Amino acid sequence: MMYPSYAGVAARERATLTGQVFGLLGFSMVFTAAGALLAPRIGPAAFLISLVGSLGSLIALWFLKEKTPINLGLFYLFSVCEGLLLGLVVETYLARGMGVVVLNAAAVTAALVLGLGAYAWTTKRDLTGMSG
């Protein structure tokens, strides 16, 4: 390998970190999907639950971002709450016969996540400056 490390992080550590990030991303998608499946059963109240739950979990995450087990639970709570809202939106599109729009959005999102993930996994470029 030509570049054994960049930004002070060895290639092996970078691969481990990237794997952990993808694991968290994938697991959060499971929670989001669970919220989306739950939303039609709750009905219109899911919107209020999603709004309060999302904002509440984000505010709590701001203050508890360094508390290891709690921050992960709040992150997954946020994922479920966003899934509730997503479920209501998808249900509305499907009820109006616009299922193709939902499939197109899902396909484009999946392609972007997979493409950008592959780029982040294989690039030699330092992406740490993109953290904000």
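Phe31 is partly exposed, with a relative accessible area of 27%. This residue belongs to a cluster in which ring pairs link Phe27, Phe31, Phe75 and Tyr76. The model is a predicted one, and the count of aromatic pairs in it comes to 4. A pair of aromatic rings is described by two quantities, the distance of the centres and the angle of the planes.

**Phe27 and Tyr76**

- The ring centres of Phe27 and Tyr76 are 5.4 Å apart and the planes stand at 80°, so this pair is edge-to-face; the cut-off for that class is an angle over 60 degrees.
- Phe27 lies in helix H1 (residues 11-42) and Tyr76 in helix H3 (residues 68-95), so the pair ties together parts that are 49 residues apart in sequence.

**Phe31 and Tyr76**

- The ring centres of Phe31 and Tyr76 are 4.6 Å apart with the planes at 15°, so this pair is stacked, because planes under 30 degrees apart count as stacked.
- This pair also links distant parts of the chain, with Phe31 in helix H1 and Tyr76 in helix H3, 45 residues apart.

**Exposure of the paired residues**

- Tyr76 has a relative accessibility of 10% and therefore counts as buried, the cut-off being under 20%.
- Phe27, with a relative accessible area of 44%, is partly exposed.

**A lysine over a ring**

- Lys65 lies over the face of Trp62, at 4.2 Å from the ring centre.

Technical notes: Residues numbered from 1 in each chain as written. Predicted model: local features only at pLDDT ≥ 70, side-chain atom pairs only at ≥ 80, totals over all residues. Heavy atoms only, no water. Phe/Tyr/Trp six-rings, centres within 6.5 Å; stacked < 30°, edge-to-face > 60°. Helix = DSSP H or I, 4+ residues; strand = E, 2+ residues; numbered from the N terminus. Buried < 20%, exposed > 50% of the residue type's maximum accessible area, 1.4 Å probe, protein only. Lys NZ or Arg CZ within 6 Å of the ring centre and 35° of its normal.
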